[in-house]
Amino acid sequence: MTRQGPASTRREFLAATAATLGLTVTAGAQPPPADLLIAGGRVIDPASGLSAVRDVAITGSRITRIAANLPAAGARRVVDARGHLVTPGLVDLHVHVYDAVVPISIDADTACLARGTTTAVDGGSAGASTFAGFRKHVIARSRTRVFAWLNISRSVWPMPTSTPTCASSIPTWRQRRSTRTAT
Ligand SMILES: [Zn+2]
């Protein structure tokens, strides 16, 4: 009985595994056609050091190939990205997306996802008393991946004093500042 040495290449390993399972491996088999081909854009990928005009083939939720001049034939959809940048999803570390609650906030998906930011970190629009609403109405409902810095105050922004809630008794930033100044 002879003992085989370790497969020297990944291809040999896969062929040996397939043979064990009774499968046939076709040399030079083409990958399945892409669901989406992003063609001709400048691909910038800091993780791999790539900054060049390339085509990106995507099947399902995975990038299957990045190369120059990939064949468009067979791709279900082709996006002409010539003159555009193609990057991994961007991360914005300081946004305010408690839309319709905090005055300086904007809608997360309109402002972030539609402009290439797939992950955003809210810079403290919610405090301890208002974070539950932020999680329910912003984090859970946004297609953008939203994280949040929790503001050290309870509500962050002044509530209308006519609203009969406990939050109306919380001093505003301005009131607290003037209190500090006076003492
Ligand atoms: Zn801010």
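The structure is a predicted model, in which local features need pLDDT of at least 70 and side-chain atom pairs count only at pLDDT 80 or more, while totals for chains, interfaces and linings use all residues. Residues are numbered from 1 along each chain as its sequence is written.

Ala108 also belongs to the largest nonpolar core, which has 13 residues; Val97, Tyr98, Ala108, Ala120, Val138 and Val146 have the most contacts inside it. A nonpolar core is a set of buried Ala, Val, Leu, Ile, Met, Phe, Trp, Tyr and Cys residues joined through C-beta atoms within 7 Å. Helix H3 (131-139) and strand S8 (145-148) are the elements that give two or more residues to this core; helices (H or I, at least four residues) and strands (E, at least two) are DSSP runs, numbered from the N terminus. Another core, of ten residues, lies apart from it and includes Leu37, Ala39, Val43 and Val56.

Strand S8 is also part of an open sheet of three strands, in the order S6-S7-S8 and with parallel pairing. Two strands pair if DSSP finds at least two bridges between them. Strand S6 (90-95) and S8 each have a single partner strand, so one side of each is left without a neighbour in the sheet. The twist from one strand to the next averages 20°. Strand S7 (residues 117-122) is joined to S8 by four bridges, and aspartate 122 stands opposite alanine 148 in S8.

Attention can now turn to alanine 34, in the loop between helix H1 (10-20) and strand S1 (36-45). Alanine 34 counts as buried because it has 24 C-beta neighbours inside 10 Å; the label requires 20 or more other C-beta atoms within 10 Å of a residue's own, placed from the backbone. Beyond neighbours within four places in sequence, its contacts are Ala57, Ile58, Thr59, Thr64 and Ala75. The C-alpha atoms of alanine 34 and isoleucine 63 are separated by 9.1 Å, with the two residues 29 apart along the chain.

Finally, a word on confidence. The chain averages a pLDDT (the predictor's confidence in each residue, from 0 to 100) of 79, and 68% of the residues score at least 70. Over residues 1-8 the pLDDT is below 50, and over residues 160-183 pLDDT stays under 50. Where pLDDT is low, the predicted coordinates should not be read in detail.

Terms used: A residue is buried if 20 or more other C-beta atoms lie within 10 Å of its own, exposed if 12 or fewer, and partly exposed in between; C-beta atoms are placed from the backbone. Two residues are in contact if their C-beta atoms, placed from the backbone, lie within 7 Å. Axes are lines fitted to C-alpha atoms, for helices over the stretch in contact, and angles run from 0 to 180 degrees between N-to-C directions.
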